[in-house]
Amino acid sequence: MIEWLRLFGEQTLAATARLGRGHMFLLRVLLGLPGLLRRPGLVINQIYATGVLSLLIIAVSGLFVGMVLGLQGYNTLVSFGAEQSLGVLVALSLTRELGPVVSALLFSGRAGSALTAEIGLMKATEQLSGMEMMAVDPERRIVAPRLLGGMIALPLLAAIFTLVGVFGGYFVGTVLLGVDSGAFWSQMQAQVSFTEDVVNGVIKSLVFGFVVTWTAVFEGVDCTPTSEGVSRATTRTVVHSSLAVLGLDFILTALMFD
Amino acid sequence: MATDTGGRTNDCVVEIENLHFSRGTRQIFAGVNISIRRGEVAAIMGPSGTGKTTLLRLIGGQLRPDAGRIRIDGVDVHTLKRRALYQLRKRMGMLFQSGALFTHLNCFENVAFPLREHTRLSQALIRHLVLIKLEAVGLRGAHALYPAELSGGMARRVALARALALDPMVVMYDEPFSGQDPISMGILVRLIRLLNDALGLTSIVVSHDVAETAEIADRVHVISAGKVVESGSPQALRASSSEWVQQFLNALPDGPVPFHYPGPSLEEDLLGHRGAGAAL
Amino acid sequence: MQNSRLLETGVGLFVLLGLGALLILALKVSNISAFQQTQGYDVIAQFQNIGGLKVRAPVTLAGVPVGRVENIAVDPKTFEARVVLTISDKYANLPQDTSASIYTAGLLGEQYIGLQPGGMDEVLKPGDEIMLTQSAVVLEQLIGQFLYSTAAGTSKSNTDGGQEP
């Protein structure tokens with residue numbers, strides 16, 4: 001029992017220390033962001049690695065999520081005779097929730113894990129140390145562009161996800177199930193607000209992009225520099241950032257759509 | 001501090017005074033004193049696990065000592081602000097044991113990396129400089145290869161070219177000879193001495209390869225149990241009366257450094273039930 | 001540096017695609033176009049009961065959307081609902097005796113305001129109040145009235161209309 005308590009205390013202290021390290025690390029990286037203005041090429045490379053390479057999985061997932069929404073929404077709405085509102089249902093679920101959240105989850109699996117593994121391996125092979133000895137700060141040269149790139153890439157990916165999803169729902173609803181296409185769009189436009197729904201969705205995905213990328217780069221820099229350590233850090237990135245996204249989503253939703 | 005940067009510094013590039021460092025509860029250095037003169041090749045030797053790599057990291061300012069001072073060219077490394085420390089590091093080159101080449105860049109770009117980061121030279125000039133450095137280590141022909149395509153010895157030579165890219169004042173070598181075949185070892189031994197003399201560097205070689213290190217070093221500092229046991233020229237060291245130095249230099253399996261890792265006696269371990277393996 | 005040019009182009013396309021998606025979301029999926037339309041003039045209408053009317057509900061004239069509900073509040077003096085309507089500048093010539101009613105689109109649909117133009121020559125000016133209004137039909141009241149009148153009808157036939165004023 002005492003042993004168990006001791007272990008619990010130790011774990012709690014370790015977790016608190018990690019939290020502190022993570023924030024101090026973030027502060028140092030944020031201080032390095034202004035320097036990127038002179039090196040936009042570094043950020044562009046990272047947008048390519050995190051954004052462009054995630055495009056396919058995001059677009060395909062968006063399409064299927066939208067199609068499923070169309071199908072499920074139709075089946076429910078048709079029993080109230082309200083299938084004309086299908087567009088509203090699809091668009092609202094996508095802009096408010098599914099677009100930002102699902103694309104953030106996919107992003108953490110596709111791009112976040114890759115970031116952690118890349119940085120972790122650089123640490124394990126002393127590349128980060130070597131860079132430091134060449135008088136190049138890895139937090140500015142390696143981490144800062146990745147953080148910024150992720151924050152730019154995710155909102156764009158989420159917008160693409162949402163749009164593809166709306167068209168997926170449109171395809172299922174109007175082409176396959178016979179909802180009137182005019183009603184689909186007009187009801188959608190009447191009910192979906194730009195400032196409340198679209199903009200809030202973009203704000204959400206900005207926050208998620210920041211949190212997921214921050215988790216990923218921190219886990220990479222903080223990992224134990226062995227192959228086992230890197231693999232654990234990669235797992236932790238996906239688990240922690242997914243949980244953070246879902247938890248933050250609840251908080252943001254409560255703040256935005258009261 | 002500014003007052004004592006005068007006369008002595010002309011002589012010594014690296015001065016380590018009363019260095020203490022511990023990791024967790026393990027004391028690694030307990031009062032190390034080493035001074036390295038300008039232009040010499042200094043070897044720091046000792047058995048594995050004596051913290052030789054740690055010493056290089058302390059010199060490079062990546063770690064902070066518990067007590068004591070390290071001065072490079074008269075400047076106390078650990079009182080420097082971040083920016084000044086980075087300025088100082090530009091004048092230091094370090095060759096890591098693994099080479100630490102950037103795996104996503106080819107040899108040319110690896111060597112060009114410090115130049116691109118710290119200078120605003122034209123592409124053409126960078127190309128010249130990089131090819132000269134690669135030529136110096138004999139790998140100009142391999143400039144388009146990626147680190148994964150290089151042998152261990154070649155990777156270390158590319159890393160050496162990279163460490164020299166900014167024409168440093170001090171170059172530190174972390175175990176440059178370990179795991180090398182005789183030919184690439186011979187090349188590296190020759191290169192270290194040659195480059196040191198040709199470029200007017202000061203070299204610090206950390207190694208446990210006695211023969212190779214003794215061949216090129218001007219002075220050897222032997223570290224054991226957190227202290228410098230013996231300092232002097234390789235010849236002076238061979239004549240040392242220290243039992244410990246003799247064991248190390250002549251590679252005797254048992255002596256002051258025991259063959260057995262400290263632990264309970266064999267009888268206790270085999271007969272008792274609280275020995276090795278019980279935890280499994 | 002052929003390779004980096006390719007990469008830059010890829011990133012450029014990606015950014016364009018993302019911003020394009022946002023633009024379409026703004027224009028086609030949400031009501032940003034309706035937003036610009038609400039640049040118009042405000043008139044006030046008081047209702048006894050607005051039912052389920054919401055801010056941003058459409059204001060129609062002969063079924064054509066001409067504006068939006070801008071604000072809903074309770075008038076502190078009359079205790080009636082005070083609804084601010086924003087009507088597009090294109091329809092600046094509504095007569096002053098225009099009346100406003102709250103309707104429901106379909107049986108369960110959203111509620112909106114329908115305008116019926118009157119016959120006066122003077123037109124509604126910004127800040128004017130619409131005098132003739134008709135409140136929302138609340139389903140419970142409707143059913144209640146219906147039940148009451150049926151009950152009244154049966155009791156009348158029973159008592160042979162003796163107590164009728």
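β7(B), helix α6 (residues 182-199) of chain B and β8(B) form a right-handed β-α-β unit. Right-handed means that, with the strands pointing away from the viewer, the path from the first strand over the helix to the second runs clockwise. Helices (H or I, at least four residues) and strands (E, at least two) are DSSP runs, numbered from the N terminus.

This is a predicted model: local features need pLDDT of at least 70, side-chain atom pairs count only at pLDDT 80 or more, and totals for chains, interfaces and linings use all residues. Residues are numbered from 1 along each chain as its sequence is written, chains are lettered from A and ligands numbered from 1 in the order in which they are written, and side-chain values use heavy atoms, leaving out hydrogens and water.

**Exercise 1. Find the strands that pair with β8(B), and name the partners of B:Val205.**

Step 1. Apply the pairing rule: DSSP must find at least two bridges between two strands.
Step 2. Take β3 (residues 41-45) of chain B: its pairing with β8(B) is parallel, over 5 bridges. Here B:Ala43 stands opposite B:Val205.
Step 3. Take β7 (residues 170-174) of chain B: this pairing with β8(B) is also parallel, over 5 bridges. B:Tyr173 has B:Val205 as its bridge partner.

**Exercise 2. Decide whether the faces of β8(B) are covered or open.**

Step 1. Set the cut-offs: buried is under 20% relative accessible area, exposed over 50%, partly exposed in between (1.4 Å probe, protein chains only).
Step 2. Recall that side chains alternate between the two faces of the sheet in a regular strand.
Step 3. Check each side. B:Thr202, B:Ile204 and B:Val206 are buried on one, and B:Ser203, B:Val205 and B:Ser207 on the other.
Step 4. Conclude: both faces are covered, and 6 of the 6 residues in β8(B) (residues 202-207) are buried.
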